[in-house]
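Colleague: Please take a close look at one part of this model for me, the open space and what lies around it.

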Amino acid sequence: MFTSDLTKLSVVSRALSQCGHFMLTEGYNPWDSKLERIKNTMGDHPDYLKLFLSTHNFILRGDGALPWDYRHYIAIMAAARHQCDYLVDIQKEMFLEHGGDSAWLQGLDCVPDKLRSLNEINKILAHRPWLLCKSHIIRLTKESNWSLAELVHAIVILAHFHSLASFVFGCGINDQDDPDAPVNNSKKILILGNVEPEVRVDQLMERMRTLSQREEEFSVEEQTQRFLRVDHRDQTIDIENSRVLKQTSGLGHFIEDTEFTYQDFQRRGETGDFPTFRVQDYSWEDHGYSLVNRLYNDVGNLLDAKFKKAYNMTYYTMGGNKDVDTSRFRRAIWNYIHCVFGIRHDDYDYGEVNQLLERSLKAYIKSTCCYPERVATRDFAQVLAEFEHSEKVHINLMVQEARMQAELLYALRVVMNHMK
Ligand SMILES: CC(C)C[C@H](N)C(=O)O
């Protein structure tokens, strides 16, 4: 074993012992060997890992409205939406270990109606969270007997496992043993076509410097156009994604309506039915955080710490360069992820996204967020050739957290409207 591996292992075990607080459940070790891959990959970023484990253990093991078998089954439903057999297998084991009825593992037809009724919001939150509306909440609470506390717990588990599936596929954890592994009987097609870097790291750093010296102001109209253009220029990303073979998932019994997938923001704009979500009107800090804390113990604090860490984390490095202020690059990534889910930060100049994120990086990020099951291990290896491995993992952590926050923002805004 190399010294760097040993160092990594010791930070991972330190992080684990520090969050033991949530793990002390009699005779229970949630970290079976399969989860080693996630821990080792996240172990590049030990401060983040610690916060991730605290939340993960809390939503599965801590105080909360839902019984344990429900928690694991909901996790299975969420991971199955993205065909993530790696996470589904782990959660199936845990479901059985905690007294779950093995008949339920035959599929949604065999679970109580209450659990099955979550299928609709699982699907919507995973692929088109902007479609969620009050009537979904009313149906679940009135017809299917969900209390709001139970429902918010379920929503947090769903969002957590959808975004964890993004991390698992984005970092190539699902098929780590064989990068060309056939997934669900079909061969993955690489999302990144030509992977020659379009922008070299030194050019990128130069662009960041230029942007930070600039003091241009744009009209509101121009700002809106820039937001709309971010994704418009990259319509081909979706076309390429739709070319990827339709997979016949072996997990189809845990989900319904398998054809329902992400729909591009731009196309949504054309129908005009779903306006942009403006963070100024409903933000995590001012609204989501306190609402989730109110309905589900203190989970808001855990989530908040994790979001902040993922957003602010920096080592001031970029592809072998030191002392680099990377904040503009990281902000462009975070805001681009929100943008693909139709979320806009009014005070941000979206022109920066197109200047700082090359097309292949956008394709990789968008696919990891919206179609994680189509991302192959080779995509991780090939994207951003000049960057360090740990920097690519860092980007995947941002994908995971920004995506989770986007899902929660849509869901919690609807819950708030329902409570008015
Ligand atoms: C995503 C990476 C380029 C982040 C960079 N290594 C930093 O420390 O800020």
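Which element gives the most to the lining of the largest pocket, and with how many residues?

Modeller: α15 does, giving 5 residues to the lining of the largest pocket. This is a predicted model in which local features need pLDDT of at least 70 and side-chain atom pairs pLDDT 80 or more, while totals for chains, interfaces and linings use all residues. Numbering runs from 1 along each chain as its sequence is written, and side-chain values use heavy atoms, without hydrogens or water.

Two or more lining residues come from each of α14 (284-295), α15 (299-312), α16 (327-340) and α20 (389-419); helices are DSSP runs (H or I, at least four residues). By class, with Tyr and Trp counted as nonpolar and Gly as polar, the lining of the largest pocket has 7 nonpolar, 7 polar and 5 charged residues.

Two of these helices, α16 and α20, also each supply at least two residues of the shell around the ligand (heavy atom within 4 Å). The largest share of that shell, 3 residues, is from α20. The surrounding residues are Thr314, Tyr315, Tyr316, Thr317, Thr326, Phe329, Arg330, Phe387, Glu391, His394 and Ile395, or by class 5 nonpolar, 4 polar and 2 charged. In the polar contacts (N or O atoms within 3.5 Å), a side-chain N or O atom of Thr326 sits 2.5 Å from an oxygen atom of the ligand. A backbone N or O atom of Thr317 is 2.8 Å from a ligand nitrogen atom, and one of Tyr316 is 3.3 Å from a ligand oxygen atom. The protein buries 100% of the 280 Å² that the ligand exposes when taken alone (Shrake-Rupley, 1.4 Å probe).

Phe387, part of the ligand shell, is also among the residues closest to the centre of the largest cavity, with Val199, Leu204, Glu358 and Leu384. A cavity is a set of points from which the probe cannot get out. The cavity lining divides into 11 nonpolar, no polar and 3 charged residues.

Glu386 makes a salt bridge (Lys or Arg side-chain nitrogen within 4 Å of an Asp or Glu carboxyl oxygen) with Arg200, at 3.8 Å between the closest N and O atoms. Glu386 is in the loop between α19 (377-382) and α20, and Arg200 is in the loop between α9 (148-170) and α10 (201-213), 186 residues apart. By this rule there are 19 salt bridges.

Technical notes:
A polar contact is a pair of N or O atoms within 3.5 Å; within protein, one must be able to donate a hydrogen and the other to accept it, and residues adjacent in sequence count only if both atoms are side-chain atoms. On a 1 Å grid over the protein atoms alone, a cavity is a set of points where a 1.4 Å probe fits but cannot get out, and a pocket is an open set with protein on both sides within 12 Å along at least five of seven lines; lining residues have an atom within 4 Å of a point.
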